[in-house]
Amino acid sequence: MTMDNILVVEDESRIRSIIRDYFQAHGLSCDLARDGEEALDLLTDHDYDAILLDILMPKLDGFGVCRAVREKSGVPILFLTALGGEEDTLRGYALGADDYITKPFSLAVLLAKTQAIIRRSRGSHTTCLTCGALSLDPGRRLCTVDGAEIKLSPREFDLLECLMRNKGQVLSREQLLNKVWGLDFDGEDRAVDVRMRSLRSALGPAGSQIKTVYKAGYRLEG
């Protein structure tokens, strides 16, 4: 089995080295970038299973890197940040980040979060799901609307998959957080609304199949 390859983008050399050594000791391969520009250069020539991305960096910050990556790729992104405020967290999710970890952090927790977003990005089911104009192939991580492929971020894909597996049912924000973000998510439920808006936008006219149920949550209709 090929080992997972991680891109660590962090301007502090000590943190880069510590993460690389810990991950390699647990069977993962790591490439290192000192800033956002170097990260984008590496992404031009290499495929990665996940990106660990610092926010506060010279030349190009993590938000800028995330925005650029999401224009071309759905690779899972986990922010490493000293910015723990709600506004920064929501901005990261809106740009397409899949998870956050705040400095200082536990290496064991960082590894667990990284492995979790990789598993989610690959999907654990192979049965195709359909609802109205929408079709989803979780095994291939493929979404189509009326037969045309739609590019979704990993979080958007997981959110849509959750709605499709429970189509016709109202799912509360808390349920969606638990199912898609995980029980260890410690942010606000507004993250669901932010990501739901981006999902609807990505789906175009088919986004109208996702209904907001006042004071209750969201429901997918065919």
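Which residue is the bridge partner of Thr130 in E7? The partner is Ser135, and point 5 comes back to that sheet. A few notes for you follow.

1. **Ground rules.** This is a predicted model, in which local features need pLDDT of at least 70 and side-chain atom pairs count only at pLDDT 80 or more, while totals for chains, interfaces and linings use all residues. Residues are numbered from 1 along each chain as its sequence is written, and side-chain values use heavy atoms, with hydrogens and water left out. Helices (H or I, at least four residues) and strands (E, at least two) are DSSP runs, numbered from the N terminus.

2. **The parallel sheet.** Five strands make an open sheet with parallel pairing, in the order E2-E1-E3-E4-E5; two strands pair if DSSP finds at least two bridges between them. At the edges are strand E2 (29–33) and strand E5 (99–102), each pairing on one side only. From one strand to the next, the twist averages 20°. Angles here run from 0 to 180 degrees between N-to-C directions, with axes as lines fitted to C-alpha atoms, for helices over the stretch in contact.

3. **Walking through the strand pairs.** E1 and E2 run parallel and are joined by five bridges, with Ala33 in E2 as the bridge partner of Val9. The β-α-β crossover from E3 through H3 to E4 is right-handed. E4 and E5 run parallel and are joined by four bridges.

4. Five of the five residues of E4 are buried, where buried means under 20% relative accessible area, exposed over 50% and partly exposed in between (1.4 Å probe, protein chains only). Ile77, Phe79 and Thr81 lie on one side of E4, with Leu78 and Leu80 on the other. A search of the whole structure finds three aromatic pairs. Rings of Phe, Tyr and Trp (its six-membered ring) pair if their centres lie within 6.5 Å; planes under 30 degrees apart count as stacked, over 60 as edge-to-face and the rest as tilted. Phe63 and Phe79 have ring centres 5.7 Å apart and planes at 75°, so this pair is edge-to-face. Phe63 sits in helix H3 (residues 62–70) and Phe79 in strand E4, 16 residues apart. For Phe79 and Tyr100 the centres are 5.3 Å apart and the planes at 55°, so that pair is tilted. Phe79 and Tyr100 lie 21 residues apart in the chain, yet Tyr100 in E5 is also the bridge partner of Phe79. Together, Phe63, Phe79, Tyr93 and Tyr100 form one aromatic cluster.

5. **The antiparallel sheet.** Four strands form an open sheet in the order E6-E7-E8-E9, with antiparallel pairing. Strand E6 (129–131) and strand E9 (148–150) each have a single partner strand, so one side of each is left without a neighbour in the sheet. The twist here averages 25° from one strand to the next. E6 and strand E7 (residues 134–137) run antiparallel and are joined by three bridges, among them the one between Thr130 and Ser135.

6. **Helices on the sheets.** Helix H5 (residues 107–122) lies across E1, E3, E4 and E5, at about 175° to E5. Across E6, E7 and strand E8 (142–145) lies helix H6 (residues 154–165), running at about 110° to E7.

7. **Nonpolar cores.** A nonpolar core is a set of buried Ala, Val, Leu, Ile, Met, Phe, Trp, Tyr and Cys residues joined through side-chain atoms within 4.5 Å. The largest has 51 residues, and those touching the most other members are Leu53, Leu160, Leu163, Leu176, Met196, Leu199 and Leu203. Apart from this core lies another, of 16 residues, including Val8, Ile19, Leu28 and Ile118. Leaving aside neighbours within four places in sequence, Leu163 is in contact (heavy atoms within 4.5 Å) with Leu171, Leu176, Met196, Leu199, Ile210, Tyr218 and Leu220.

Definitions and conventions. A crossover is right-handed if, with the strands pointing away from the viewer, the path from the first strand over the helix to the second runs clockwise.
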